[in-house]
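Visitor: I would like to learn how to read a model of this kind, starting with the whole chain and ending with single residues. Could you take me through it?

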Amino acid sequence: MAFRRFTLLLLCLVVSIAAFPGGKLIHAPPKQAFTGIKQIPAMPKDKKHPYKAPAGLNTLANHGYLPRNGLATFEDVVNAVGEGFNMEYTLASALTAFGMLSRGNAFTNQISIGGPTDKIPPLPGNIDGNVTKGLATHGRFEGDVSMTRRDAAIGDHIHLDPALFQQFLDNVALYGNDSDLTGPRSVVSYKAMQEFKYQRYLDSVANDPALVYHYGRFILSYGEASFTLNFFANGTDGVLSTATLKSIFQNQTFPSNWHRRGNPGDIDLIGDGVDNVLSAHPDAVPGTRVNGAFVPDPPRTTNCPLYQDLGVNNIPAVLVNTTGILKKNVDFLLNTIHTLFASCNFTLPVSEAGV
């Protein structure tokens with residue numbers, strides 16, 4: 001009897017999703033025809049958008065590479081990070097797919113680069129809650145130990161924190177490189193980033209009573225540092241100056257005469273940067289706050305921990321049990337993530353819904 005009730009419930013869910021109007025198939029956009037260095041035009045006057053998102057996405061929106069209302073499609077984001085930052089196509093597609101599945105609406109092909117909005121409906125049947133939450137919502141995509149935003153349990157996890165950004169600049173003033181153009185200690189070095197990221201790690205471990213820093217988030221947060229070093233630097237000379245930092249982080253615009261990098265940045269580039277930043281302080285490890293104490297993660301039991309944490313543990317399992325356009329889009333996005341981790345066994349997501 002219980003099995004029969006479950007079967008009827010499942011059938012009702014499938015019918016409701018299949019009958020829900022407004023679905024749009026997601027397609028892989030064409031790759032960039034030109035992947036070399038190029039100057040990014042200045043932002044049009046009075047065109048800043050109102051959303052608060054990660055600095056790089058805000059900057060792309062302000063320059064028109066993403067819609068200025070902060071609402072984008074899968075294709076929009078892949079094209080934007082490719083055109084604006086010269087991010088390699090497979091990496092751009094996989095990260096965007098993860099964002100869409102974890103915090104967007106994969107049925108309507110919409111994602112908010114900021115927080116929740118009534119302009120994007122929830123998934124059919126509210127299968128992942130009654131709100132599509134957006135990339136800035138804590139958990140899944142956004143997480144603790146950000147460079148310039150507070151952890152969710154102890155402060156504002158959405159907006160730039162002036163004190164944290166000043167801490168970043170202070171580390172550049174101590175450990176940065178000199179420049180004939182911008183002056184002494186005005187260039188962000190790996191040493192400056194190593195020390196700053198370690199300070200952020202120690203601060204969260206000591207002060208965040210609800211710290212969640214699992215392996216996937218751990219790597220993403222150090223990936224944020226690698227991304228900043230490798231994608232925010234001016235493509236003309238590979239230099240990331242404090243002036244550029246201020247322009248992108250504080251004003252959320254590319255500075256004048258800023259060029260994107262001269263070749264596509266891929267996952268190996270990001271990984272090398274992560275290894276470099278971590279190398280100075282190997283005692284920084286993933287873990288979680290449990291009963292008032294920071295408990296390091298247990299040894300990994302998989303050869304593909306990043307894929308497991310992002311593509312499996314942080315995407316709601318309910319997405320797999322769908323039909324029609326939503327099912328086609330979910331399958332496309334899951335396969336797009338797996339393409340970045342082709343050596344790993346394909347695994348279906350297992351995360352709970354509505355969080």
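Guide: Residues are numbered from 1 along each chain as its sequence is written, and side-chain values use heavy atoms, with hydrogens and water left out.

Visitor: What is the mean pLDDT of the protein chain, and over which residues does pLDDT stay under 50?

Guide: pLDDT is the predictor's confidence in each residue, from 0 to 100. The protein chain has a mean of 92, and 92% of its residues reach 70 or more. Over residues 2–13 pLDDT stays under 50, and the model has 1 contact (heavy atoms within 4.5 Å) for them beyond four places in sequence. Where pLDDT is low, the predicted coordinates should not be read in detail.

Visitor: How many helices and strands are there in the protein chain, and what does the radius of gyration say about it?

Guide: Helices (H or I, at least four residues) and strands (E, at least two) are DSSP runs, numbered from the N terminus; the protein chain has 11 helices and 7 strands. The radius of gyration, taken over C-alpha atoms, is compared with the globule rule of 2.2 Å times the number of residues to the power 0.38. Here the value is 21 Å, close to the 20 Å that the rule gives for 355 residues, so the protein chain is as compact as a globular protein of that length. Of the contacts with a separation of 6 or more, 68% are between residues 24 or more positions apart.

Visitor: Is Asn-105 buried or exposed, and what does its side chain reach?

Guide: Buried means under 20% relative accessible area, exposed over 50%, and partly exposed in between (1.4 Å probe, protein chains only). Asn-105, in the loop between helix 4 (89–103) and strand 2 (111–112), is buried because its relative accessible area is 0%. A polar contact is a pair of N or O atoms within 3.5 Å; within protein, one must be able to donate a hydrogen and the other to accept it, and residues adjacent in sequence count only if both atoms are side-chain atoms. A polar atom of the Asn-105 side chain lies 3.3 Å from the backbone oxygen of Pro-122. Not counting residues up to four places away in sequence, Asn-105 touches several residues, among them Met-100, Ile-120 and Thr-132.

Visitor: Where is Ser-112 found, and what does its side chain reach?

Guide: Ser-112 is found in strand 2 and counts as buried at 1% relative accessibility. Its side chain reaches the backbone nitrogen of Gly-114 at 3.1 Å.

Terms used
This is a predicted model: local features need pLDDT of at least 70, side-chain atom pairs count only at pLDDT 80 or more; totals for chains, interfaces and linings use all residues.
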